[in-house]
Amino acid sequence: MEYCAGGDLRIWLDSLAQASERLPEDSVLHLFSQMLKGVEYVHSCHILHRDLKTSNMLLDVDHRIVKVGDFGIARVLESTTAVAVTMLGTPYYMSPEAFRLFVFAPHFLPFASVAIDRTVAMDVLVVGGGGREHAIAVKLRESPKERMTNLPIGDSDVAALVAAAEERRLPWFFVGPEAPLCAGLADALNAKGVPCFGPSKLAAELEASKAFSKDFFAKYKLPTASYRTFKTGEHEAALKYVEEEYGAGRELVVKASGLAAGKGVLMPQSVEEAKEAVKEVMVNKVFGAAGDELVVEQLLVGEECSCMAFSDGQTAAMMVAAQDHKRVDDNDQGPNTGGMGAYAPAPCLTDDLKPFVKEVLQRTVEALAAEGRKYVGVLYGGFMLTKDGPMLLEYNCRFGDPETQVLLPLLDSDLFEIALGCAEGNLKARVPEVRWKPGAAATVVCAAKGYPGSYPKGLPITGIPEADAVEGVKVYHAGTKQDASGLASTGGGKTTILMQYG
Ligand SMILES: Nc1ncnc2c1ncn2[C@@H]1O[C@H](COP(=O)(O)OP(=O)(O)O)[C@@H](O)[C@H]1O
Ligand SMILES: [Mg+2]
């Protein structure tokens with residue numbers, strides 16, 4: 001972000017006045033409208049700014065107001081204490097920093113009405129502490145200058161996160177993982193007037209319940225494998241269905257409906273294994289309550305790809321497609337993991353297929369809105385590209401990990417503006433078009449030997465600065481710890497990143 005020389009509107013206007021050319025009328029009107037918005041905004045924060053004049057407006061190079069400055073003689077109408085302090089001497093809100101706290105105090109929101117572009121650089125709390133969130137934080141850093149702090153708050157501790165929003169008067173949140181969203185973090189924040197990039201609990205049900213999502217796909221005719229769902233106690237019916245399907249020559253996949261940390265899908269090789277899988281989930285409860293409901297669906301064949309979109313509740317802005325690799329060893333061998341690597345763009349999503357997938361994502365966002373489940377955040381579609389066209393395997397309600405680590409470096413537009421625009425419910429107002437860079441990105445996950453089984457923790461990690469120094473390379477951290485003795489693995493970190501701008 002650059003500012004006008006001298007930084008204020010008056011200087012810019014003076015320089016224009018000296019030039020021979022006249023300022024075009026629409027520019028004049030635009031400036032006036034911005035100034036009025038500035039006045040309206042400051043007043044909407046219950047602050048009477050007695051010195052709103054051109055020299056207190058800071059512009060960026062595109063002549064948009066980025067900051068309303070000089071609160072030296074501002075008065076906080078609602079707070080008599082503040083006025084008392086003024087009489088004694090210097091009011092604490094004289095500094096823009098203190099003002100910022102007032103502006104974004106939760107009860108002064110909603111902020112959807114904030115019309116000034118980048119009024120002031122805003123802090124944001126990134127929830128989560130894995131590689132995905134590191135990539136998010138690094139990308140957000142491309143916005144104005146920031147300080148980054150780790151807060152020792154568990155990423156699923158909704159109460160503590162909401163308390164941090166209030167205590168620190170944080171203007172908005174960017175949520176990485178699904179667990180806090182499914183636990184209602186976005187709802188709790190929105191109830192306090194704090195915008196959140198991440199869906200409400202109702203909208204996140206798209207990930208949290210495969211039974212719900214399959215019924216939703218069916219209702220809105222979104223392409224997916226044919227299926228049946230069964231509830232606890234209905235396992236006999238499920239077994240009968242399995243036998244009938246295999247009898248008719250069809251193969252099945254057995255899924256626990258609830259959240260099972262990416263392990264709740266069983267891929268049987270025979271009718272016996274399929275029946276065994278049903279019993280494991282429904283009777284032996286190997287996935288606990290996640291298996292209270294069961295989805296049995298037809299086996300699909302094809303290449304898989306992750307197609308994500310930024311959603312503000314109305315529009316899905318599709319990202320480039322990515323592919324991740326789940327098995328731990330080379331050549332697609334070994335047990336499944338949380339993801340050992342990813343790359344983007346994925347060429348399997350050809351130009352012919354893109355419009356189809358884009359339409360599915362857009363229709364999903366519209367259908368969710370129609371269901372009263374407005375979807376804000378990253379809508380992650382897992383697609384199988386079958387010979388009959390792309391089919392939805394599932395939706396996740398957040399960025400993929402490690403797909404994020406390859407997608408964000410390819411993002412050309414400003415992630416801060418995109419996510420905030422979505423959280424405010426109007427992406428286009430901030431970012432009319434989400435742009436991507438040409439080229440490709442790939443990431444490889446390094447894990448201790450033994451992962452995803454048992455593996456040693458606390459191993460020293462070396463060579464990071466050397467790797468980071470290579471042109472085009474960026475190392476993202478997940479489950480690492482830095483202390484006096486150096487960098488070491490922890491086998492999973494859970495902190496939350498506070499990005500402080502300005
Ligand atoms: N109908 C299906 N046909 C073939 N493979 C499937 C099917 N459903 C799921 N899978 C495989 O199982 C993986 C996990 O399934 P998914 O529905 O994405 O659940 P989750 O990610 O929650 O474990 C998919 O990435 C895919 O490889
Ligand atoms: Mg999946």
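This is a predicted model: local features need pLDDT of at least 70, side-chain atom pairs count only at pLDDT 80 or more; totals for chains, interfaces and linings use all residues.
Helix α11 covers residues 235-247. Its 13 residues reach 18 Å from the first C-alpha to the last, close to the 18 Å expected at 1.5 Å a residue. Just after α11 comes Gly249, which takes a positive phi of about 85 degrees.

Which residues of α11 are buried? They are Ala238, Val242 and Glu245. Seen down the axis of α11, the buried residues fall within an arc of 70 degrees, so they line one face of the helix. The general rule behind such a pattern is that an α-helix has 3.6 residues a turn, so residues three or four places apart point the same way. On the other side of α11, the exposed residues are Glu236, Lys240, Glu244 and Gly247.

The buried residues of α11 are covered by other elements, including the strands β10 (227-231), β11 (252-256) and β13 (293-298), together with helix α12 (271-282).

In soluble globular proteins, nonpolar side chains tend to be buried together. In this model the largest nonpolar core has 80 residues, and Phe173, Cys196 and Leu379 have the most contacts inside it. Helix α15 (residues 415-424) gives the largest share of this core, 7 residues. Leaving aside residues up to four places away in sequence, Phe173 touches Val124, Leu125, Val127, Ala165, Leu189, Val194, Cys196 and Phe197.

Key
Residues are numbered from 1 along each chain as its sequence is written. Chains are lettered from A and ligands numbered from 1 in the order in which they are written. Helices (H or I, at least four residues) and strands (E, at least two) are DSSP runs, numbered from the N terminus. The expected span of a helix is 1.5 Å times one less than its number of residues. A residue is buried if 20 or more other C-beta atoms lie within 10 Å of its own, exposed if 12 or fewer, and partly exposed in between; C-beta atoms are placed from the backbone. The arc is that of the directions from the helix axis to the C-beta atoms. Two residues are in contact if their C-beta atoms, placed from the backbone, lie within 7 Å. A nonpolar core is a set of buried Ala, Val, Leu, Ile, Met, Phe, Trp, Tyr and Cys residues joined through C-beta atoms within 7 Å.
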